[in-house]
Amino acid sequence: MRNTHTRQNQLLSLFVSAALMTMPTISQAADCDTVRFSDVGWTDITSTTAVTSEILKGLGYKTKTQLLSVPVTYTTLANKDIDVFLGNWMPTMEGDMRKYIDNASVESIKANLHGAKYTLAVPDYVYDAGLKSFHDIHKFADKLHGQIYGLEPGNDGNRLVQKMFTDPALDLKGFKLVESSEAGMLSQLSRAVRKNQWIVFLGWAPHPMNTNFKIQYLSGGDNYFGPDFGGATVYTNVRKGYLAECPNVGQLLNNLTFSIDMENRVMNSILTDGKKPNLAAHEWLVTHEADWSGWLKDIKTIDGKPGLPAVQQYLSK
């Protein structure tokens, strides 16, 4: 009898072990029905993610967006806990993404935006008073209170500013980085401009700040933010194997090409008009079909029907 029970227990243990081996884990990739995005909290990435999500919803997919820092975005992509990141700003994110590209756990599939910019900036009146270059910052330490305003903790730009503080050529010893958020930094900029105070901050384009404020980008930061006053290109990244596993969504991601004008319009709806990202994206799609219909070339719905008519119908509701 003992041997019979032992044999039964062994069989039960083998069955349970086999079942556990086939159960999905937290880090296992989701199926293609739900597309999982990272948003690093910049309104331009929020905008492009919302626009892409609206397209996918029109095709019958579900979408999920997580707010993650840049470093966490890449570890999460590598762990297959998210699928897509539309905000790989280069060259400033080189240090964040390179090891994941090199070990093939993350794939960079294409540039989705050309002509972007990301570097230090100042209000016009500060620029006109002589702070025109990275090499001028130290001359005005008192007026700046020894501070440079950055973005959220973990941001790639923050890290570059911290590296600047150790560069003898810039003579920024004693300066400190004020970490905040996009909204917090813009609020500080707004207060400084109202009071005609001095401020150096991380600025970028596309973004409504370029029209809402009179600002100038500093020269001399090529070694940190790239040439042409922080000229940048934004790329689409995906987790390893995603394009092969989900070819229809993968083709859409390969077709996506955004523009400065498009991103400025959607961001302005969010930041200035106070609209929710999905509504701002929906309204832009409704009124600018000629700008995005080409993205749906050879794209099907989740059940294999032509993609463009389905998205048109979704947007008309």
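Are W89 and Y118 buried or exposed? Both W89 and Y118 are buried. The model is a predicted one, and the points below are grouped by topic.

**Aromatic pairs**

- The structure contains 12 aromatic pairs.
- In one of them, the ring centres of Y74 and F85 are 5.8 Å apart and the planes stand at 90°, so this pair is edge-to-face.
- Y74 belongs to helix 3 (residues 70-78) and F85 to strand 3 (residues 84-90), so the pair ties together parts that lie 11 residues apart in sequence.
- Y74 is buried, with a relative accessible area of 0%, and F85 is likewise buried at 0%.
- W89 and Y118 also form an edge-to-face pair, with 5.9 Å from centre to centre and 70° between the planes.
- This second pair links distant parts of the chain, since W89 is in strand 3 and Y118 in strand 4 (residues 106-123), 29 residues apart.
- A cluster linked by ring pairs takes in W42, W89, Y118, F134, W204 and F225.
- A charge is also found over a ring: the charged end of K117 sits over the ring of Y217, 5.4 Å from the ring centre.

**Helix 3 and helix 4**

- The axes of helix 3 and helix 4 (residues 94-102) come within 9 Å and cross at roughly 10°.
- Angles under 35 degrees count as roughly parallel, and helix 3 and helix 4 are therefore roughly parallel to each other.
- On the side of helix 3, the contact is made by V70, P71, Y74, T75 and A78.
- On the side of helix 4, the contact is made by D96, M97 and Y100.

**Helix 17 and its surroundings**

- Helix 17 (residues 307-315) has G307, A310, V311 and L315 among its buried residues.
- Viewed down the axis of helix 17, the buried residues fall within an arc of 130°, so they line one face of the helix.
- These buried residues pack against helix 2 (43-58), helix 15 (277-287) and helix 16 (289-292).
- The axes of helix 2 and helix 17 come within 8 Å and cross at roughly 105°, which makes helix 2 roughly perpendicular to helix 17.
- Where these two helices meet, helix 2 contributes E54, I55, K57 and G58, while helix 17 contributes A310, V311 and Y314.

**Helix 13**

- In helix 13 (residues 247-255), the residues N248, V249, G250, L252, L253 and N255 are buried.
- The elements that cover these buried residues include strand 1 (34-39), helix 2, strand 3, strand 4, strand 9 (231-239) and helix 12 (242-245).

**Individual helix residues**

- Q188 is located in helix 8 (residues 182-194).
- Buried means under 20% relative accessible area, and Q188 is buried because its value is 18%.
- Leaving aside residues up to four places away in sequence, Q188 touches Y149 and I199.
- E289 is part of helix 16 and is partly exposed, with a relative accessible area of 32%.
- E289 and V122 are 167 residues apart along the chain, and their C-alpha atoms are separated by 36 Å.
- D261 lies in helix 14 (residues 260-271) and counts as partly exposed at 42% relative accessibility.

**Backbone features in loops**

- The peptide bond from M90 to P91 is cis, with omega near 15°.
- P91 is placed in the loop between strand 3 and helix 4.
- The peptide bond from A205 to P206 is also cis, with omega near 10°.
- P206 is placed in the loop between strand 7 (201-205) and helix 9 (209-212).
- K80 is not a glycine, yet its phi is positive, near 65°.
- K80 is found in the loop between helix 3 and strand 3 and counts as partly exposed at 28% relative accessibility.
- N196, which is not a glycine either, has a positive phi of about 60°.
- N196 lies in the loop between helix 8 and strand 7 and is exposed, with a relative accessible area of 51%.

Conventions:
Residues numbered from 1 in each chain as written. Predicted model: local features only at pLDDT ≥ 70, side-chain atom pairs only at ≥ 80, totals over all residues. Heavy atoms only, no water. Phe/Tyr/Trp six-rings, centres within 6.5 Å; stacked < 30°, edge-to-face > 60°. Helix = DSSP H or I, 4+ residues; strand = E, 2+ residues; numbered from the N terminus. Buried < 20%, exposed > 50% of the residue type's maximum accessible area, 1.4 Å probe, protein only. Lys NZ or Arg CZ within 6 Å of the ring centre and 35° of its normal. Contact = heavy atoms within 4.5 Å. Arc of directions from axis to C-beta. Axes fitted to C-alpha atoms, helices over the stretch in contact; angles between N-to-C directions. Parallel < 35°, antiparallel > 145°, perpendicular 65-115°, else oblique.
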